[in-house]
Amino acid sequence: MVPHPDALAAAATALDGRRIAVLTGAGISTDSGIPGYRGEGATPRSPMTISQFLEDELYRKRYWAGSQLGWARFGGARPNEGHRILADLERAGVVAGVMTQNVDSLHQRAGSAKVIELHGSSDRVRCLACGQQYSREAVAEIIAGLNPWLTQPHSSVLGPDGDVEIDRLDRMAVPECGVCGGILRPDIVYFGEFIPPAKNLQSRGLIASADALLIVGSSLVVNSGIRLLDQAVRRQQPVVIINRGDTKGDARATVKIDAGASSTLTALAGQLMDRFGEAGRQ
């Protein structure tokens with residue numbers, strides 16, 4: 001592992017001339033106003049598990065109430081320079097695709113075409129009984145109609161997944177499927193759930209088609225991230241990590257840059273594109 005401050009040049013050298021698979025975590029979206037799960041300034045949280053959501057209506061009330069309050073800010077977030085840089089690199093043929101642990105869909109909004117949403121997306125909702133799918137925006141309208149009191153001002157802290165904490169749950173009406181009356185759930189991977197097998201296959205295929213792995217804004221605490229690093233290391237691919245603070249993969253990284261995502265990606269992309277252009281002129 002090469003320590004900062006020489007890491008930027010070392011990272012450009014490690015990635016030079018290679019097709020890059022990218023893994024992103026919450027750290028790439030902090031510049032869009034979405035807080036990270038961990039690190040400096042992160043609010044301590046106890047994430048809801050899938051069993052809690054499915055087995056207890058009180059937890060479903062808590063989720064939909066908190067999600068409703070957070071959705072306007074979370075759903076209105078805009079891609080930042082880091083997202084746009086990765087989309088530019090994909091169009092240039094440098095990035096082979098993006099695997100993201102985020103559920104904010106900001107990579108797609110920035111223009112990335114090949115995005116594997118490891119943990120799903122918060123802008124989709126589906127029925128557990130009949131499989132009917134809804135946009136989160138449509139469900140938000142239903143919730144607003146059922147719970148006009150939620151439109152009143154609330155003091156709340158936005159979470160990384162678009163949720164906020166709320167105490168008044170006694171009068172919360174939970175939305176139901178308009179087709180069969182079944183339980184609705186966000187199309188995300190909860191704590192306690194496994195990533196869908198299709199997503200794992202897509203991720204393995206992306207890493208196999210690439211020559212290097214770039215990890216941006218992930219502490220790699222969640223297994224979905226560290227397993228992808230394992231695959232790249234087994235293939236003897238160079239691994240570059242950009243993240244504020246330590247990650248579980250630092251010891252196996254070719255290069256680790258302890259810095260913010262957007263500014264570092266901008267500088268790194270400049271070097272990669274300069275080298276890419278020079279190679280094309282030779």
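Modeller: Buried means under 20% relative accessible area, exposed means over 50%, and partly exposed is in between, with a 1.4 Å probe and protein chains only as cover. This is a predicted model, in which local features need pLDDT of at least 70 and side-chain atom pairs count only at pLDDT 80 or more, while totals for chains, interfaces and linings use all residues. Residues are numbered from 1 along each chain as its sequence is written, and side-chain values use heavy atoms, with hydrogens and water left out.

Colleague: Fine. Is Asp187 buried or exposed?

Modeller: Asp187 counts as buried, at 18% relative accessibility. Asp187 also forms a salt bridge with Arg126, in which the closest N and O atoms are 3.1 Å apart; the term stands for a side-chain nitrogen of Lys or Arg within 4 Å of a carboxyl oxygen of Asp or Glu.

Colleague: And where do those two sit in the chain?

Modeller: Arg126 lies in strand β4 (residues 120-127) and Asp187 in strand β6 (residues 184-188), so the pair ties together parts that are 61 residues apart in sequence. Strands here are DSSP runs of E with at least two residues, helices are runs of H or I with at least four residues, and both are numbered from the N terminus. Arg126 is partly exposed, with a relative accessible area of 27%.

Colleague: How many salt bridges does the structure hold?

Modeller: There are eight salt bridges in the structure. One of them joins the side chains of Arg185 and Glu193 at 2.9 Å, N to O, where Arg185 is buried at a relative accessible area of 3% and Glu193 is partly exposed at 27%.

Colleague: What about Arg91, which residue does it pair with?

Modeller: Arg91 forms a salt bridge with Asp88, with 2.5 Å between the closest N and O atoms. Both residues lie in helix α4 (residues 81-91), three residues apart, which is about one turn of the helix. Arg91 counts as exposed at 55% relative accessibility, whereas Asp88, at 37%, counts as partly exposed.

Colleague: Changing topic to the inside: which residues touch the most other members of the largest nonpolar core?

Modeller: Those are Trp64, Met172, Leu184 and Tyr190, in a core of 28 residues. By nonpolar core I mean a set of buried Ala, Val, Leu, Ile, Met, Phe, Trp, Tyr and Cys residues joined through side-chain atoms within 4.5 Å. At least two residues of this core come from each of α2, α3 (57-75), β4, α6 (136-146) and β6, and α3 gives the most, with six residues.

Colleague: What does Met172 touch, then?

Modeller: Not counting residues up to four places away in sequence, Met172 touches Lys61, Trp64, Ala65, Ile143, Asn147, Trp149 and Leu150, where contact means heavy atoms within 4.5 Å. A second, separate core of 27 residues includes Ala12, Leu214, Val255 and Ala259.

Colleague: Where is Leu214?

Modeller: Leu214 is in strand β7 (residues 212-216) and is buried, with a relative accessible area of 2%. Leaving aside neighbours within four places in sequence, its contacts include Leu15, Ile20, Val22, Val240 and Leu268, and in the strand pairing Val22 stands opposite Leu214.

Colleague: So which strands does β1 pair with?

Modeller: Five bridges join β1 to strand β2 (residues 95-100), running parallel, and five bridges join β1 to β7, also parallel; two strands pair if DSSP finds at least two bridges between them. Thr24 has Thr100 as its bridge partner in β2.

Colleague: Why is β1 described as largely enclosed?

Modeller: Because five of the five residues of β1 (residues 20-24) are buried, it is largely enclosed by the rest of the structure. Both faces are covered, with Ile20, Val22 and Thr24 buried on one side and Ala21 and Leu23 buried on the other.
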